[in-house]
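User: Here is a model whose labels I would like to check one by one. Please set each value against its cut-off and then conclude.

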Amino acid sequence: MVGWAVALMAVYVVLAFGVRVAVQLRRTGATGISSIRSMPRLELLTGAPFAIAVILGGINPLLALFDVVESADGIDSTPAHIAGFGLCAAGIVGTFLSQLAMGASWRIGLDPAERTELVTGGPFSLSRNPIYTFMIVAWIGFALLVPTWLALAAVVLLFAGLELQVRLVEEPHLLRAHGEPYRAYATRVGRFVPRLGRIRRPPVGP
């Protein structure tokens, strides 16, 4: 399964970063990747666990290939591998399609001075952050394909990092940028999965 995990990780990186950046560049003339200098300091802090999780999940199959890390007892089994393969495939496809659904609004990183169109259709009608949702699905899949404690730690760290990024950086930015349209959208659609994580409207005064 290590070989499959390495191949699937390569496909994920090529689609989610290489192909998506190429599509953005062709459509808009820009890569869609924000400069680190333009990112708020808070995003750099909340982005740290996310980046570490991505690195750990990415190198885990390679470390397992060279027997640097050992499999977690009780998880390394054929049913887990089958489930992991399916989750990886769903996560990879879902991530890429959700990225495409953002159109010209797709970005890696946040620039407070930049304003993009609010996307609420397609997969964004079910989740406010479907790219992140499918990324978590893919990382769980990779952890089941090559089940080590490093991979499991990467999943936990990824979810924690995305929660911090979304709650502390992205949602406040979107509220400032789009105001009531985003607030109305966020009261209808869940943060990562349908219905869960919807924001509440502030109470109406007397």
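User: Why is Arg195 called exposed?

Analyst: Its relative accessibility is 59%. Exposed means over 50% relative accessible area, buried means under 20%, and partly exposed is in between, with a 1.4 Å probe and protein chains only. At 59%, Arg195 therefore counts as exposed. Two points on the basis: the model is predicted, with local features needing pLDDT of at least 70, side-chain atom pairs counting only at pLDDT 80 or more, and totals for chains, interfaces and linings using all residues. Residues are numbered from 1 along each chain as its sequence is written, and side-chain values use heavy atoms, with hydrogens and water left out.

User: Where does Arg195 sit, and what is its phi?

Analyst: Arg195 is in the segment after helix 6 (180–188); helices are DSSP runs of H or I with at least four residues, numbered from the N terminus. Its phi is positive, about 80 degrees, although Arg195 is not a glycine. Most residues other than glycine have a negative phi. Between the C-alpha atoms of Arg195 and Tyr132 there are 16 Å in space and 63 residues in sequence.

User: What is the phi of Asp67, and is Asp67 buried or exposed?

Analyst: Asp67 has a phi near 60 degrees, a positive value in a residue other than glycine. Asp67 belongs to the loop between helix 2 (41–65) and helix 3. With 66% relative accessibility against the same cut-offs, Asp67 counts as exposed.

User: Which label does Ala30 get, and why?

Analyst: The relative accessible area of Ala30 is 37%, which means partly exposed. Ala30 is in the loop between helix 1 and helix 2. Apart from neighbours within four places in sequence, Ala30 is in contact with Gln24 and Leu25, where contact means heavy atoms within 4.5 Å. Ala30 and Ala104 are 74 residues apart along the chain, with 9.5 Å between their C-alpha atoms.

User: What makes helix 1 roughly parallel to helix 3?

Analyst: The axes of helix 1 (residues 2–28) and helix 3 (residues 78–101) come within 10 Å and cross at roughly 5 degrees. Axes are lines fitted to C-alpha atoms, for helices over the stretch in contact, and angles run from 0 to 180 degrees between N-to-C directions. Under 35 degrees counts as roughly parallel, over 145 as roughly antiparallel, 65 to 115 as roughly perpendicular and the rest as oblique. Helix 1 is therefore roughly parallel to helix 3. Residues making this contact include Trp4, Leu8 and Arg27 of helix 1 and Phe85, Cys88 and Leu100 of helix 3. They divide into 13 nonpolar, three polar and two charged. Ala, Val, Leu, Ile, Met, Phe, Trp, Tyr, Cys and Pro count as nonpolar, Asp, Glu, Lys and Arg as charged, and the others, Gly among them, as polar.

User: Are helix 4 and helix 5 roughly parallel or roughly antiparallel, and how do you know?

Analyst: Helix 4 (130–145) and helix 5 (149–178) pack at about 170 degrees, with axes 8 Å apart. That makes helix 4 roughly antiparallel to helix 5. Among the contact residues are Tyr132 and Trp139 of helix 4 and Leu158 and Glu170 of helix 5. By class, there are 14 nonpolar, one polar and one charged.

User: How much space lies in the largest cavity, and what makes it a cavity rather than a pocket?

Analyst: On a 1 Å grid over the protein atoms alone, a cavity is a set of points where a 1.4 Å probe fits but cannot get out, whereas a pocket is an open set with protein on both sides within 12 Å along at least five of seven lines; lining residues have an atom within 4 Å of a point. Points are joined across faces, edges and corners, and a volume is the space filled by probe spheres set on them. The structure holds one cavity of 30 Å³ or more, and the largest has about 50 Å³. Its lining includes Gly57, Asn60, Trp139 and Ala154, and has seven nonpolar, two polar and no charged residues.

User: What lines the largest pocket?

Analyst: The largest pocket, with about 1200 Å³ of space, is lined by 48 residues, and Arg107, Ile108, Gly109, Tyr132 and Glu170 lie nearest its centre. Helix 5 gives the largest share of the lining, nine residues.

Definitions and conventions: Helix = DSSP H or I, 4+ residues; strand = E, 2+ residues; numbered from the N terminus.
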